[in-house]
Amino acid sequence: NLKFMYAQLMTAVNCDSKGYTIDDTSCRVCNYFSEYENLRHLLLDCKAPQIVDARRKVILDVCNAVKQYGSTFSATRFQRMLVLDNLSICFHSTNNAPPDEDYERTFLFLTGRWDDELIQFMISLVKDEHVAILFRSIGFSLRLYWRSVWKIWRMAALPYGSFDPLNVHSP
């Protein structure tokens with residue numbers, strides 16, 4: 001499901017690379033002109049109020065899942081790592097990694113591409129019998145986040161281009 005939505009999200013940068021004519025590549029959702037409209041910006045940094053709300057909701061949903069299937073201590077530990085910094089989502093690592101590394105890890109977390117270290121950390125938060133349920137719950141929350149971002153982006157992008165984002169195969 002995430003792969004389908006990733007393929008359908010024709011950001012301004014993707015449109016430009018596929019030959020669609022877009023006047024500029026700044027974000028059409030938040031109208032923040034110094035940011036390129038790409039998937040990373042939409043998921044992590046876009047300042048549109050609806051996307052910020054969706055970002056808050058995914059953090060809350062994931063933290064609630066950790067709390068439900070783990071302990072209160074685990075939820076607090078996780079909540080300190082996945083935070084909103086200046087309306088941008090950030091997954092702070094435990095090993096004091098540089099901000100660029102945390103930014104990349106956050107993007108990989110939101111796109112469902114988790115490294116072994118992150119998987120082991122998530123497993124350590126819950127009891128063994130609840131690991132599969134936790135991952136399913138997180139996957140569901142991420143899917144809802146993607147759907148929200150995609151729907152908000154689609155409403156903002158349609159007036160700007162003459163293409164239909166649901167039919168990306170024909171320019």
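Guide: Welcome! A disulfide is a pair of cysteine sulfur atoms within 2.5 Å. This is a predicted model, in which local features need pLDDT of at least 70, side-chain atom pairs count only at pLDDT 80 or more, and totals for chains, interfaces and linings use all residues. Residues are numbered from 1 along each chain as its sequence is written, and side-chain values use heavy atoms, with hydrogens and water left out.

Visitor: How many disulfides does a search of the whole structure find?
Guide: Zero, over the whole structure.

Visitor: What makes C90 count as buried or exposed?
Guide: Buried means under 20% relative accessible area, exposed over 50%, and partly exposed in between (1.4 Å probe, protein chains only). C90 has 12%, so it is buried. C30, at 17%, is buried too.

Visitor: Why are the rings of F109 and W114 called a stacked pair?
Guide: Rings of Phe, Tyr and Trp (its six-membered ring) pair if their centres lie within 6.5 Å; planes under 30 degrees apart count as stacked, over 60 as edge-to-face and the rest as tilted. The search finds three aromatic pairs. In F109 and W114 the centres are 5.1 Å apart and the planes at 15°, so this pair is stacked.

Visitor: And what makes W114 and F135 edge-to-face?
Guide: Their centres are 5.5 Å apart and their planes stand at 70°, so the pair is edge-to-face.

Visitor: How do you know whether W114 and F135 are buried or partly exposed?
Guide: W114 has 18% relative accessibility, so W114 is buried; F135 has 26%, so F135 is partly exposed. Together with F78 and F109, they form one aromatic cluster.
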